Amino acid sequence: MRTLQHKLTLINAVHLPISDPTWIFFLILGIILFAPMLFERVRIPSIVGLIFAGLLVGPHGFHVLDRDSSFELFGRVGLYYIMFLASLEMNLQELRETRGRALGFGLLSFAIPIGLGFIANFGLLGLSVAASLLMASMYASHTLISYPIVLRYGLQRRQSVNMAVGGTIVADTLTLLILAVVASRVQGETDGWLWLWLVAKLALAGAAIVFIFPKIVRAFFNRYNDGVVQYVFVLILVFLGAGLMELAGMDGILGAFLVGIVLNRQIPATSPLMNHIEFIGNALFIPFFLISVGMLIDLRALADLHALEMAAVMVVFATAGKWLASLAAQYLYNLPREDRALLFGLTGARAAATLAIVLVGYELQLPDGSHLFSEAVLNGAMLLILFSCLVSSVVTERAAAKVLSLPDAKAEARQGSKLESDRIVIAIKEKDDVQHLVHFALMLRRPKSPEPLSAINVVLENDEAKSREGSEALEYAANISASAEVRMLTHSRYSVNVVSGLSHSMKELDASDLIIGLHRQQKMFEAFFGQIATDLIRVVDRQIIIFRPSVAPAMLRRIHLIVPRKAEKEPGFGAWLRRIALLSAQVSCTVDVYGGRGTLEKIQETWEEQGHKVQAEYHRYDKWNDYTELANATRSDHLVCFVLARPGTLSYHAHFTRLPGQIQRYFSSRSLMMIYPAQNRGTIGKTSVLIAK
């Protein structure tokens, strides 16, 4: 019986189209793996390869596969994933500065194509006003098909990319509103209450995503740390947001985009969760979407002269409209040519909204029984999708390569190579503290730094029980780092005392930073910091960071940075400023800086010299004996950061000795970070390390 069933399965797999789920999935995975390889050999972007592969195996090609409900499902997931990733990867700090540009480009990207399209459709093709307007809205819409190319080149936070992503939502939202207006008028629904109800539903859905989702996310992430659980929860929110927008009468891509904006601050770019989201999307869901787009295209439409004429007009005016919008944005915002090409490449592809519009137009019936869109328009739209995706992918690929070859990009790369060492070592003691401190280390580390993280566990001689516990904690730390695709070196060291073991390890590893979990006993100075930390501060000359989290590091929403007078005269001044800037960028939060006037001016100047765009507010502060005012300005999700100094250094002040009691009094329930800046090598020790206590 099993042999017969096996033979029937093979027979079903041979007959086309393939209907057996096993062989369907096998073929799709083969396409995802080999199509990009083959097309990249002839210098055609992998995205185009997946679309052409879908065309070949689809119902309009060799009909190896049917475009059934599974392709519609995974294709929709892939589309939502693209929009979600686009907003999740945006730099919110730069978006605040460029939101006007994104809005302006979105309006240009909508108005110019729809204006040109309406004139061409009405004047050249002789379509009705309703058909001309609806067909022109297809030219104004676009889909971020080529966004994975930007991710591959690491340009997702470039200003022009943020403009294109923000402009996509503006253009597609206006396009979908045009679709709703035209469809309602054709069907005779012109009641003003209908539009009021549509706006009300849209506002309610948007408010639910923007104001309620963040509270749910913070509560969930604070309670559940498992990566798989968090990933599934994120997907639930993406589809819930998309579903709410569909209930409001808009396309789900708007909801997926808004969810990405909401989660942007909750999921740092260097976190393991972000790595999981990017990996699964780029490996499975997005390729599925591209293949499903290819399966829609019917090249036999080229044999129909009327469809060919329609397609020619659609392609020419749709492409021209987006190119003119990018050109206008270039001159309006003084952008380089390469950024104009990026804008055009990212916004040149049509897929989701175009398909929705043409299908609605094809199904709409006029009073005389005819359809608003003819079959020629339907076929022409499929050719527009094919051509626009091809042009978009090629242009984006070439533009991204040129951007990386620009002199400023090369200078930035050279500058990054000259920065101080980024060797962070984590000394592990207790497993319960590992997760927060490793995540914190990842957020302080420069993106794409070639230096690995290191983890150290110092074991006192003849303490085998602690040795086993330390080994488990080291393995746990390595797993967390690996899930973020960051290499971690682990070391278990025997020593007569912890300080000696750590100091020798620091010298061997030549580390740049030392982070210590704050000691739990808080009665006096040594007990507050812990004897180990106190001794390390006296003997280590590298930067030391003491960290105590009250919430997960990714949940931080504001940083209060307290800087003493003369801190700018310390050798490690620029190093700790860079760490604060990196942390602020990871969690997309504002930094409130407190200090003397000269120190504040130097901090602002140094950040500008380093190229960091920190959203900072500067406050002159001299109340070093009373932190009541500062404590009242903090919240449970704020980080209070004190820049301190070792005794005998330029920025050391007597009030540092009273700081432990003041912290206990004012900031006992706040996340806390204390920084001891690096000194010149040889003045205390020779190296420093990142330690998780």
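Welcome! The mean pLDDT of the protein chain is 82, with 89% of the residues at 70 or more.

**Confidence along the chain**

- Residues 522-526 have a pLDDT under 50, and the model gives them 10 contacts beyond four places in sequence.
- Another stretch with pLDDT below 50 is residues 685-693, for which the model has 61 contacts beyond near neighbours in sequence.
- Where pLDDT is low, the predicted coordinates should not be read in detail.

**The nonpolar cores**

- The largest nonpolar core holds 161 residues, and the members that touch the most others are Met-135, Ile-277, Leu-561, Trp-576, Trp-607 and Met-673.
- Ile-277 is in contact with Tyr-81, Phe-84, Leu-85, Leu-88, Tyr-231, Val-234 and Ile-267, once its neighbours within four places in sequence are left aside.
- There is also a second, separate core of 37 residues, with Leu-502, Ile-516, Trp-624 and Ala-645 among them.

**Aromatic rings**

- In total, the model has 23 aromatic pairs.
- One of these is the stacked pair of Phe-74 and Phe-285, with 6.2 Å from centre to centre and 25° between the planes.
- This pair links distant parts of the chain, since Phe-74 belongs to helix α4 (residues 69-88) and Phe-285 to helix α12 (residues 272-294), 211 residues apart.
- Tyr-652 and Phe-656 form an edge-to-face pair, because their planes stand at 75°, with the ring centres 5.5 Å apart.
- In that pair, Tyr-652 is partly exposed with a relative accessible area of 28%, while Phe-656 is buried with 8%.
- Ring pairs also join Tyr-594, Tyr-621, Trp-624, Tyr-627, Phe-642, Tyr-666 and Phe-667 into a cluster.

**Around Leu-630**

- Leu-630 is found in helix α25, which spans residues 628-632.
- With a relative accessible area of 2%, Leu-630 is buried.
- Setting aside neighbours within four places in sequence, Leu-630 is in contact with His-560, Ile-562, Tyr-594, Tyr-621 and Phe-667.
- Three of those contacts, Tyr-594, Tyr-621 and Phe-667, are also members of the ring cluster.
- The C-alpha atoms of Leu-630 and Val-640 are separated by 9.4 Å, and these residues are 10 apart along the chain.

**A covered helix and a buried strand**

- Helix α18 (residues 434-444) is mostly covered, with nine of its 11 residues buried.
- The buried residues of α18 include Val-434, Gln-435, Phe-440 and Leu-444.
- Strand β1 runs over residues 424-427, with Ile-424 and Ile-426 pointing one way and Val-425 and Ala-427 the other way.
- Residues on both sides of β1 are buried.
- Strand β1 pairs with strand β2 (residues 453-460) in the parallel sense, over four bridges.
- Within this pairing, Ile-426 stands opposite Ala-455 in β2.

- Ser-588 lies in the loop between α23 (573-587) and β7 (590-595).
- Ser-588 counts as buried, because its relative accessibility of 2% is under the 20% cut-off.
- Not counting residues up to four places away in sequence, Ser-588 touches Leu-92, Gln-93, Arg-96, Asn-264 and Arg-265.

**Cysteines**

- A disulfide is a covalent bond between the sulfur atoms of two cysteines.
- This structure holds zero disulfides.
- Cys-589 counts as buried at 1% relative accessibility, and Cys-641 counts as buried at 0%.

Methods:
Residues numbered from 1 in each chain as written. Predicted model: local features only at pLDDT ≥ 70, side-chain atom pairs only at ≥ 80, totals over all residues. Heavy atoms only, no water. Disulfide = S-S within 2.5 Å. Buried < 20%, exposed > 50% of the residue type's maximum accessible area, 1.4 Å probe, protein only. Phe/Tyr/Trp six-rings, centres within 6.5 Å; stacked < 30°, edge-to-face > 60°. Helix = DSSP H or I, 4+ residues; strand = E, 2+ residues; numbered from the N terminus. Core = buried A, V, L, I, M, F, W, Y, C linked by side-chain atoms within 4.5 Å. Contact = heavy atoms within 4.5 Å. Pairing = 2+ DSSP bridges. pLDDT = per-residue confidence, 0-100.
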